[in-house]
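Open the model in your viewer and keep the selection panel at hand. This tour goes stop by stop.

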Amino acid sequence: MPAETLPGRLLLKPRALGVLLAALAFQQSTMPTLMAREWYLQGVVSGLAVGLSYGAGSLLMRLVWALNRVLDVHPRRLTATELLWVRGVFAGVLVVLVTLTTRQAVRQHRWTAERLGVEPSSPWWTALGIALVTVVVAALVVLLARGLSWLRHSVTWLGSRVMPRWASATLATVLVLWVVAYAAQTWVYAGTLRALNEAFTLADTQLAPEHPRPESERRSGGPASAVAWEELGVEGRRFVAEGPSVPDIVRLGRPGARVVEPVRAFVGRRSEADVRLRARLAVEELERLGGLERGTLLVAVPTGKGWVNEQMVQPLEHLLHGDVATVSMQYSHLPSPLAFLAETEAALDAGQALVSAVEERIETLPEEDRPRLLVAGESLGAYGASAAFVDFDDLLARTDGSLWVGSPSMTRLRQVAEEQRRPGSLQIRPVLDDHPEVLFANRPDDLTGRPRAVFLQQADDAIVWWDWSVLWRRPDWLAEPLDPSVNPAMEWYPMTTFLNLAIDMAVSTAFAEGQGHMYGTQPTRAWWAMLRPEGWDERALAALLEEMAEIERPR
């Protein structure tokens, strides 16, 4: 298109392309995603998308302007009347398009709200609230960008007094970017995490009256324990204070079965800074509490603060009539969302160290006295536990069963499964021809056969499907036929899908069982499918599921 034409001149206006991309980003950001969310959260996503897209469009056209100057291209200037008409028509079209797409998006979101059992808000009020928050957030993003631009221009002006302007501008750009990156990493990111870590470390020392110190000799913190009660952390104390008693197990178990008290061993991060020594302490604690006398050992790698999902542990304690010992250890004081950002390496180190330490101790026992080894983890805990295994051959050779609940996309074993899955099998439920003992399940009905490793990953769990690559590439699960639990209007868009999934992660535990990151009693079904313990038929399993449904997940 000739630069002298009216459309050519319009396209060479930086703000015009920026506004166009911002409107497109707004429309894409309001499209359906995995979970329902409050209008203000949608506004934050849309505001970020709008602000970043406006900046990208403006930057791109400034580069075009610079190229025009180099090529000595001079587009005709618009008259005041032409400019007024062009801007008026342009603004009017955008307003109409944004209004219509927002209304359409609100209607499409109703499908998700109804599936999740959420009462949808008034479309008009929701649209208005989203628009207002979008404007505020986008304005903040643009103001920040302009502040950085002003800083760059100032540095360029100072440098141009002693060097050519092109050299000064280049140096200013590099210098400003470096200062911003350094400040963001050192003062904002690291400083904030340091302060939060100190706060949560202090909170870990506070004793909760609802979780009293156990009197059992089979629990860490109890009379036979060498681990200080205060050092277990909030979630560690919760873990050893909860769980079924022997009468509870007898009530639900097979009549006449021999019942023993389950063992629960836990070591907090305060007990030992070095992760390998902490793992060794956990194994020593396990042995001290009589864990090696049980027929089954469960290595449970926790989430951020040390939380172990009771839905992963209690079913085993019932199904095996108490003949099981669970060992776990804390690797972070931060809640899972923050640990996901700051301490993923700590999760990997902890999972590898704990599984290895338990294996080493088991191997010292006479072969006929060695207990079965099970491994389990949820979310960041599943990611950490996966570090102990190279591939599925390694996993199946070293364990008698494993359960992986809501594993993040960077989990090694999940990545291997997606790479090696049978052609035609979906990313959300890969089928491994070489390892039929490995089962990926999206819902309870998928738990069939006699697997030895089960991956529970619901199709609408954003913690499972969020990945950095979604920023620029369509994932297979959105290119393949969508699962019935995913809004049929959901599509992939660069950047905006990534931002929407990030918000979906934040709200993924706000809904009922079977939705988002809420797996409820599915671990019970998974353990039953893997172990098929004697005396546990479908009727007995149904009674256990009813009991496990009463367990409340901490919010």
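Start by selecting helix α19, residues 522–531: nine of its ten residues are buried, so the helix is largely enclosed by the rest of the structure. Buried means under 20% relative accessible area, exposed over 50%, and partly exposed in between, with a 1.4 Å probe and protein chains only. Helices (H or I, at least four residues) and strands (E, at least two) are DSSP runs, numbered from the N terminus.

This is a predicted model: local features need pLDDT of at least 70, side-chain atom pairs count only at pLDDT 80 or more, and totals for chains, interfaces and linings use all residues. Residues are numbered from 1 along each chain as its sequence is written, and side-chain values use heavy atoms, with hydrogens and water left out.

**Around α19**

Show the side chains of the buried set: Gln522, Pro523, Thr524, Ala526, Trp527, Trp528, Ala529, Met530 and Leu531. Contact here means heavy atoms within 4.5 Å. Then step past the helix to arginine 532, which follows α19 and has a positive phi, near 40 degrees.

**The aromatic cluster**

The whole structure holds ten aromatic pairs. Rings of Phe, Tyr and Trp (its six-membered ring) pair if their centres lie within 6.5 Å; planes under 30 degrees apart count as stacked, over 60 as edge-to-face and the rest as tilted. Select phenylalanine 389 and tryptophan 404: this pair is edge-to-face, 6.4 Å centre to centre, with 85 degrees between the planes. Phenylalanine 389 sits in the loop between α13 (380–386) and α14 (392–398), and tryptophan 404 in strand β5 (residues 401–405), so the pair ties together parts 15 residues apart in sequence. Both phenylalanine 389 and tryptophan 404 are buried.

Next, select phenylalanine 392 and phenylalanine 455. Their ring centres are 6.1 Å apart and their planes at 75 degrees, so this pair is edge-to-face. Phenylalanine 392 belongs to helix α14 and phenylalanine 455 to strand β7 (residues 453–456), so the pair ties together parts 63 residues apart in sequence. Phenylalanine 392 is buried at 1% relative accessible area, and phenylalanine 455 is buried at 0%. Select Phe389, Phe392, Trp404, Phe440 and Phe455 together to see the cluster that ring pairs link.

**Glutamine 42**

Move to glutamine 42, in helix α3. Its relative accessibility is 4%, so glutamine 42 counts as buried. Which side chain does the glutamine 42 side chain meet in a polar contact? It is that of arginine 37, at 3.0 Å. A polar contact is a pair of N or O atoms within 3.5 Å; within protein, one must be able to donate a hydrogen and the other to accept it, and residues adjacent in sequence count only if both atoms are side-chain atoms. Leaving out residues up to four places away in sequence, glutamine 42 touches Ser29, Thr30, Arg37, His109, Ile130 and Asn500.

**The largest pocket**

Finish at the largest pocket, with a volume of about 1300 Å³. A pocket is an open set of points on a 1 Å grid over the protein atoms alone, where a 1.4 Å probe fits, with protein on both sides within 12 Å along at least five of seven lines; lining residues have an atom within 4 Å of a point. Of its 27 lining residues, Gly55, Leu59, Arg62, Ala145 and Ser149 lie nearest the centre. α3 gives the most to the lining, with 13 residues.

Note on methods: Points joined across faces, edges and corners; volume = space filled by probe spheres on them.
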